[in-house]
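Here is a note for someone opening this structure for the first time. Please keep the sequence and the 3D view side by side while reading.

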Amino acid sequence: MRKPVVACLMLQRAIACASVLTCLLAVPSGAAAADVVRPSSVTAGTTVPEGGARSLTVRCPSRAVALGAAVTQQGAGLTLQRSRPGTAAGDWRFRFAAAGAGRRGARVVLRCVRLELASGMSGARLAVSTRRRSRIAIPPGESSSVEVRCRRGWTATGYGISGGSSGDVTVAAVVPRPRGWEFELENTGSGTARAAVAGRCLKRDVPARSGGRSLRLRFQVDRREFSDRVGPGPAGAVSHRCGANAFSTATGSAVDPLTAIELVRSHPVGERGGSWRFRRATSGDEVDK
């Protein structure tokens, strides 16, 4: 059983009054909170020379922070060695290696968000952080379960994985949780592999002021799950969307090692969507997303 999951970013706006919070889900029909948030996507690509490796750094627009990133296209014989948040709040870094003859190309997408304060508002600043687990030793033919958790008051929006230079580490599962991500990493190589994982965290509450009042912008992440039946060929490609007024930040999946079906790639699409592609599917294989 596989469970791709799309993490959907939504915004709430609350007026801070003593210990009472009044929350309003951001909607496009002129709500002040909706007008403040500006999500965006940045796409980039690279070409890796035959037998070589290439690093790629993708950056969000000015004043935006990076929520998550994913590979959208990957040439045959190309290995993703590393995907992780960069040292700056708006960066994400990838590294690819090519095997076999010829140059191989890859494309990635970076999900970003920034605040555009309305007239009279001030003081609002987005904050992101990265939680890491490194030096994860996985014996050959075995798997390891790892979790990264954001601090209290922060919510998980994206993740990164480093599988080493050989590319022997595969992701059997990456499942979003309220404050982090759960990973199941498998070593398909003949020697012990060392891996690392990272979770991108966004501070949920953003204080601000407007007209002499204290305000608070609140981010909320909704995790939606779906079920499909997939088969061989084009039927192995599926897509789903977040709810209205939401922005998809990351996709995940859970792989049952006893089944033949295999997740090839998944990534956010458009404003609210997510896409998953499977292979080795037989007619009637069921997928939960």
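1. **An exposed arginine.** Arginine 63 counts as exposed, because its relative accessibility is 60%. Here buried means under 20% relative accessible area, exposed over 50%, and partly exposed in between, with a 1.4 Å probe and protein chains only. Arginine 63 sits in the loop between β4 and β5 (65–74). Its phi is near 70 degrees, a positive value in a residue other than glycine. Most residues other than glycine have a negative phi.

2. **Ground rules.** This is a predicted model: local features need pLDDT of at least 70, side-chain atom pairs count only at pLDDT 80 or more, and totals for chains, interfaces and linings use all residues. Residues are numbered from 1 along each chain as its sequence is written, and side-chain values use heavy atoms, with hydrogens and water left out.

3. **Confidence.** pLDDT is the predictor's confidence in each residue, from 0 to 100. The protein has a mean of 79, and 79% of its residues reach 70 or more. Confidence is highest in β4, at 96, and lowest in strand β2 (residues 20–25), at a mean of 21. Over residues 11–32 pLDDT stays under 50. The model has 47 contacts for that stretch beyond four places in sequence. Contact means heavy atoms within 4.5 Å.

4. **Overall make-up.** The protein has one helix and 23 strands. Helices (H or I, at least four residues) and strands (E, at least two) are DSSP runs, numbered from the N terminus. Of the 289 residues, 46% count as buried. Among contacts with a separation of 6 or more, 73% join residues 24 or more positions apart. The protein exposes about 13400 Å², and carbon and sulfur atoms supply 47% of that area. Areas come from the Shrake-Rupley method with a 1.4 Å probe; for residues, only the protein chains shown count as cover.

5. **The six-stranded sheet.** This open sheet has the order β4-β7-β6-β12-β15-β10, with antiparallel pairing. Two strands pair if DSSP finds at least two bridges between them. β4 (53–59) and β10 (128–138) stand at the edges with a single partner strand each, so one side of each has no neighbour in the sheet. The twist averages 20 degrees from one strand to the next. Axes are lines fitted to C-alpha atoms, for helices over the stretch in contact, and angles run from 0 to 180 degrees between N-to-C directions. Inside the sheet, β6 (residues 78–85) and β12 (residues 154–162) pair over two bridges. Serine 83 has isoleucine 161 in β12 as its bridge partner.

6. **Another arginine with positive phi.** Arginine 135 lies in strand β10. Its phi is near 55 degrees, a positive value in a residue other than glycine. Arginine 135 is exposed, with a relative accessible area of 72%.

7. **The three-stranded sheet.** Its order is β3-β8-β5, open and antiparallel. β3 (37–48) and β5 are the edge strands, and each pairs on one side only. β5 and β8 are joined by eight bridges. Alanine 69 stands opposite leucine 110 in β8.

8. **Arginine 114.** This residue is in strand β8 (residues 104–115). What does arginine 114 touch, not counting residues up to four places away in sequence? The list is Val36, Val37, Arg38, Ser62, Arg63, Ala64 and Leu126. Its side chain also makes a polar contact with the side chain of glutamate 116, at 3.3 Å. A polar contact is a pair of N or O atoms within 3.5 Å; within protein, one must be able to donate a hydrogen and the other to accept it, and residues adjacent in sequence count only if both atoms are side-chain atoms.

9. **The β16–β17 hairpin.** β16 and β17 form a hairpin with two residues between them. Glycine 211 in the turn has a positive phi of about 60 degrees. Six bridges join β16 to β17 (residues 213–225). Valine 206 stands opposite leucine 217. Which side chains of β16 (residues 205–210) are buried? Val206, Ala208 and Ser210 are, and they point to one face.

10. **A buried asparagine.** Asparagine 187 is in strand β14 (residues 180–187). Asparagine 187 is buried, with a relative accessible area of 2%. Its side chain reaches the backbone oxygen of glycine 191 at 2.8 Å.
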